[in-house]
Structures are given as C-alpha cells and as structure tokens.
Amino acid sequence: MDRRTVLGAGLAGGIGPAAGPFVGYEMPLETAPHERTLMQWPVSLEVYDEAELSRVQQTIAAIANAIAAFEPVAMLVGKADAAQARDALATSVKIWDIPTDDLWCRDAGPTFVKSKAGALAVAHIQFNGWGDKQVHTRDGLIAKRVAARLGLPLLASGLVGEGGGVEHDGAGTLLATASCWVNPNRNRLSRNEIGQRLVRALGAQKVIWVPGVMGQDITDFHIDALARFVGPGRVLIQLPDKVVAGDPFSRAAYEAYEILKRATDAHGRKLEIIVVPEPVRPRSRNPDFLASYVNFYTCNGAVISAEFGDDRTDSKAHEVLATLYPGRKIVSLNVDPLGEAGGGIHCATQQQPKAVGK
C-alpha cells in the first residue's frame with residue numbers, strides 16, 4: 001500500500017481522526033539501543049483464576065529478571081500490588097506506580113517513536129481490550145500514564161489497536177495482520193485509511209498486509225506471533241509442516257508466506273525470508289496454547305526467547321536466532337503459562353529506545 005492511495009474513510013472507533021506533529025518521528029527497529037524495557041504486572045481475577053494468576057505472575061517475574069541482566073526494566077504495577085511484585089522481582093527491576101489489569105505491555109503499553117534529532121514521543125494507539133473482549137479499565141490508560149511519567153508528547157494516531165498487530169523494519173516498511181486492524185471492533189475505517197494512519201504514526205512509507213484470522217483468538221491474530229522483521233527487509237516467519245485441514249491458523253501462515261514471497265519493501269526490494277518450524281510436540285497440551293518461536297524479544301545484548309519442550313524444534317529455533325543475532329546471547333525460557341493465556345515474551349514486553357545523548 002502507498003500512503004497516497006485512499007479508497008475510503010470513516011471514524012476510528014472511539015477516538016476520532018489522527019492529530020499531532022508526527023512528521024520526522026519514526027519507530028526504531030527493536031534491535032536499536034534501549035533505555036529500558038517496560039512490563040506490566042498482572043492482577044485481574046476477572047481474567048485469571050487464582051492458580052492461573054500465580055503462574056503468569058511467576059512467568060512475568062522470570063522474564064523481567066532475565067532481561068534485567070542486560071538492561072534496565074520497569075514493572076508497571078499499582079500500589080496495592082507493588083509489594084507482591086517486589087518480592088518476585090530482582091532488586092534491579094524498578095517498580096513504577098502505574099496500575100494494571102493484565103500483563104500484555106506490547107498491546108496496552110506505549111509505542112515509542114523517535115525524531116530525527118533523537119527526541120522520544122509516544123505514538124498513541126488506543127488499547128480497547130482487543131475489541132472489548134477483556135476488562136481494560138486500567139490497561140486502557142497505561143500508554144497515557146507512561147507518557148506523562150516520562151514527560152513525553154502523546155501523539156494521537158487516530159487508531160484503536162495493539163502493538164502486537166504491526167511490525168516495523170526500521171527502514172520504512174510495516175507488516176500487519178488485517179484481521180486485527182481492519183475490524184469493526186477496533187476501527188470503522190478502510191484498510192487503506194488504517195494503513196495511512198499507521199505509516200504516519202510509525203514513520204514508515206508502506207504497509208504489507210496479510211489477512212490473518214478474525215474471531216478465532218482474543219487478538220484476532222497478531223503478526224508478532226507469526227512473522228517478525230529481524231532487519232530492514234528481512235522477515236522471520238514460523239510455519240507448520242503443512243496446512244492442516246480445519247486449522248485456520250496454519251492456512252493463514254501459508255497465505256502470509258506466499259504474500260511475503262511476492263512482496264517488496266518500501267524501497268522496492270524483494271524481502272529476504274527466513275523460516276523457523278512450528279513445534280510439533282510442545283509440553284503443554286492446552287488446545288489453545290500459543291507456541292511461537294518468533295514471539296521473542298531483543299534487548300541490549302540478548303534475545304529472550306521461548307522453548308516449548310520439543311527438543312528438535314527448540315534446537316532449530318535457537319540456532320536460527322543465534323545466526324540472525326550474532327553477538328547477542330540467546331536466553332531460552334519456559335513461558336508455558338503465557339502460551340496458555342494466548343501470548344508470549346514479545347507480547348509481554350515493550351522497549352523504550354534510547355533518546356539522543358543517552
């Protein structure tokens with residue numbers, strides 16, 4: 001899609017048209033240096049039962065502690081739950097008094113953009129609980145509250161959505177699943193209008209759209225569980241061995257793969273595509289388990305990734321990530337409670353890029 005092409009217009013669900021001085025701001029590639037990682041402490045017993053909540057809290061603490069060995073981490077949590085979080089976290093992990101419902105900081109947290117001069121701002125994409133599917137009274141305010149705490153401009157995108165639904169290669173190209181953006185539970189806009197607002201908010205020139213899957217999981221299929229930019233024009237995608245009859249996710253994965261093979265980036269170059277296999281025999285037998293190797297997180301000096309108990313594919317994923325990120329330590333964690341909740345490590349983290357002079 002070209003930002004000059006318009007096929008229709010409308011109102012973004014609940015927040016009106018885009019506004020704010022976006023010119024000159026861009027979302028850096030995740031591998032750019034970070035000031036810190038932001039995460040959210042889950043607390044809602046409307047979302048989890050007590051046993052589930054304990055498991056996801058332990059997993060969030062393990063991820064935060066692993067990242068804290070490489071860069072600063074700030075855990076967002078309200079005062080009432082701060083002591084519990086403090087007990088589980090490494091002493092180097094900071095506690096920020098920002099109340100939360102759930103743990104998905106990629107979606108509810110701030111999307112940082114950076115000016116050519118090196119100043120940060122927050123491109124505000126309003127979180128609405130993945131189309132009002134889940135309580136988000138607190139989570140819907142997190143991006144605004146982080147921007148206020150950091151004294152950063154909050155730039156309205158005119159969009160409802162989530163950070164997990166879009167990838168940026170840091171050189172002008174976005175990759176997004178239409179199923180979560182072009183969806184009336186988020187935006188009553190055409191795909192082209194949504195694309196225009198995304199490229200404006202994130203400082204890109206082009207969106208590559210893949211269909212995704214609507215209505216089969218809480219996110220309406222985020223791109224960061226399927227395919228990730230690992231550099232300008234370079235895409236890592238996870239594929240099952242074949243399309244499985246009756247499985248819309250395997251079909252969507254291969255649809256995306258075919259689109260990516262034909263696609264070009266913002267500079268007209270063919271994409272380089274790297275494939276990682278899907279785990280065949282993960283530990284968890286939960287039928288809704290998300291086992292995504294591409295839902296990793298790159299922090300300063302490391303890649304924090306998941307292992308699922310399938311020795312063959314775990315080893316292959318480790319090998320692929322080590323090749324793609326030479327010089328970074330590959331840290332593999334058991335994060336099965338997040339997979340059972342429908343997400344992963346990338347979904348639970350949000351990077352704050354370093355500003356100029358940092």
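Let me begin with leucine 290, which is placed in the loop between strand 15 and strand 16 (297-299); strands here are DSSP runs of E with at least two residues, and helices are runs of H or I with at least four, numbered from the N terminus. The model is predicted, so local features need pLDDT of at least 70 and side-chain atom pairs count only at pLDDT 80 or more, while totals for chains, interfaces and linings use all residues. Residues are numbered from 1 along each chain as its sequence is written, and side-chain values use heavy atoms, with hydrogens and water left out.

Is leucine 290 buried, exposed or partly exposed? Leucine 290 counts as partly exposed because its relative accessibility is 23%; buried means under 20% relative accessible area, exposed over 50%, and partly exposed in between, with a 1.4 Å probe and protein chains only. Setting aside residues up to four places away in sequence, leucine 290 touches Ala225, Phe308, Gly339, Gly342, Gly343 and Gly344, where contact means heavy atoms within 4.5 Å.

Three strands form an open sheet in the order 16-17-18, with mixed pairing; two strands pair if DSSP finds at least two bridges between them. Strand 16 and strand 18 (329-333) are the edge strands, each pairing on one side only. From one strand to the next, the twist averages 25°; axes are lines fitted to C-alpha atoms, for helices over the stretch in contact, and angles run from 0 to 180 degrees between N-to-C directions.

Strand 17 (residues 302-306) and strand 18 run parallel and are joined by five bridges. Among the partners, alanine 302 is bridged to lysine 329, and valine 303 to isoleucine 330. Helix 9 (residues 311-324) packs on the sheet, touching strand 17 and strand 18, and its direction makes about 150° with that of strand 18. Helix 1 (residues 50-68) lies across strand 16, strand 17 and strand 18, running at about 165° to strand 18.

Finally, helix 8. Helix 8 (residues 248-262) has 15 residues and reaches 21 Å from its first C-alpha to its last, close to the 21 Å expected at 1.5 Å a residue; the expected span is 1.5 Å times one less than the number of residues. Which residues of helix 8 are buried? They are Pro248, Ser250, Ala252, Ala253, Ala256, Tyr257 and Leu260. Their cover includes strand 10 (173-177), strand 12 (206-210), strand 13 (227-231), strand 14 (234-239) and strand 15 (272-277).
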